[in-house]
Amino acid sequence: MTRSDKETLLSVEGLGIAFGGLKAVNNVSFGVRPGEIVSIIGPNGAGKTTLFNMISGIYLPSMGQVTLSGEDVTGIAPHLLARRGMSRTFQNLQIFQSMTVLENAIAGYHLQERGPVLADLFGLPSSRARAKRAEAGARKLLERVGLDRAAEREAGNLSYGSLKRLEIARALALDPKILLLDEPAAGCNAVETEEIDHLIAEVAASGVAILLVEHDMKMVMRISNHIVVLDHGEKIAEGDPATVSRNPAVVAAYLGAENADG
Amino acid sequence: MSELIQFLFSGVTVGAVYALVALGFTIIYNASDVVNFAQGEFVMLGGMITWFAHEAGLPLPLAALIAIVLTSALGVAMNKLAIEPARGAPVVSLIIITIGASIFIQGTAQLVFGKQIHTFPAFSGDTPIHVGGATILPQSLWMIAGALAVFLALWLFFSRTLLGRAVMATANNRLAAQLVGINTNFVMTLSFALSAAIGALGGVLATPVTLTAYGVGIGFALKGFAGAMLGGMGNPKGALLGGFLIGLIEALTAGYLSSQYKDAVAFVVILLVLFFLPQGLFGRKTTDRV
């Protein structure tokens, strides 16, 4: 599949934000198409997570536009983005700690499970059927991320790597058109990283667009269709993995600065 | 024996109001971890507005309905004007804001309704019912039934409805709740509206027995808070039981020790709970990951 044979699903144009006088992200543009894995890379402090937070409605950008499926969604609240098919995970995990793993995954079905409050209150068959569907879906997703055996455990007791996968499962429960993953492999061991790697490729293959921020360069180079490189809040390069890794500006800003990481 | 039964009757009567206040605390706490100390003012307003509207010539049921709707609207306004602008502030700051709101509501009520003590007729007359050598007022039965009905409705709401679980999810992790598509602003508005309505209902039911004045809110808030703490903050079952227990402890203390210690009991209970049972009887356990 080449980059141009599908409509752009998410398009970011001239996006920027300033905190006080500091331009954390400045004039960044790129697009993501269905089924494509686009990675944002750059040295620490380059503005990757800030860019993510603007796209997903956590921060209000001070300039530029975010378009999802042709609609302007700049600065709209996360719960509305969720309803339009954008789902995300966080670098520092946003899990319902005191719920069970299964309940966390079921929470992801919130939008699909909605029905009349009175039907819920009286436990009508329609309400029970919705709850059952959500639970069945949640169990299937947990199986997909390898957490089915931990379903009844309290989420707060899980290992970091497991919580990362739980967060992805919950994000997938929303049946998103685009999934934003903020460092899904951070803090995971080699085996866990490979599992997450497979999971992401599989999700993309099912037609979901993936926007990824990741420090594990091997993983990024292996799975990305397209890479956007940030440095000091500006886009310094973009292209396929081979092009980007040969780009002298990228080597200087990123690989050069962090060559100790290999 | 008839003496004990009499004390128990007055205990459950006043306990029903404390239970309603505690249930009001539960909702806002579940949505936001905030303890809303203006909860007692909602009770005061429920009684006051009903009295005012009844005095103006409206039939009692209509006056009560108006009181509940207006108080509920005030709860929403309080959230929009005082809590929402401070979103992101630590919970303690938000709790202090609710204390400020409580003082403001109390002061305004003093200006609007005056300093007199008010009441309105009981719903089913004032003829006491004799049971086992003691008496209970028909209004007490209304109060107890009100507390039980609200408890049942809330319990079903939180355990069965998706909206109820969305409220719990919002308290657990607001950002995560937004990510799965929950409108957390709506959840907050809803919980303030519900909580204020429940408080006002308490005031409507209790005023014929306890009377009302601009300053009664703080007492209800503290005792309802003691009930909620005793039962375990956040749990409707705990709030109901805790509220009734505080009422009973208070009535028994007043009866067998001295009515002067009546108000101190709630504080003693708060202290004992904090020392020996910080989660309360049915409290949720907290596991914070750092």
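Guide: A patch is made of residues with over 30% relative accessible area and no salt bridge, where nonpolar side chains (Val, Leu, Ile, Met, Phe, Trp, Tyr) are joined within 5 Å and like charges within 9 Å. Accessible areas come from the Shrake-Rupley method with a 1.4 Å probe, and for residues only the protein chains shown count as cover. This is a predicted model, in which local features need pLDDT of at least 70 and side-chain atom pairs pLDDT 80 or more, while totals for chains, interfaces and linings use all residues. Residues are numbered from 1 along each chain, chains are lettered from A and ligands numbered from 1 as written, and side-chain values use heavy atoms, without hydrogens and water.

Visitor: Which residues make the nonpolar surface patch of about 1,000 Å²?

Guide: Among them are B:L241, B:I249, B:F275 and B:F282. Of the helices (DSSP runs of H or I, at least four residues; strands are E runs of at least two), α11 of chain B gives the most, with 5 residues, and B:I249 is found in helix α10 of that chain.

Visitor: How many residues of chain A are in contact with chain B?

Guide: With contact meaning heavy atoms within 4.5 Å, 32 residues of chain A touch 24 residues of chain B. The two chains bury about 2,400 Å² between them, 59% of it on carbon and sulfur atoms; buried area is the accessible area (1.4 Å probe) lost on being put together, summed over both parts.

Visitor: Which side chains meet in a salt bridge?

Guide: By the rule (a Lys or Arg side-chain nitrogen within 4 Å of an Asp or Glu carboxyl oxygen), A:E113 and B:R165 do, at 3.7 Å from N to O.
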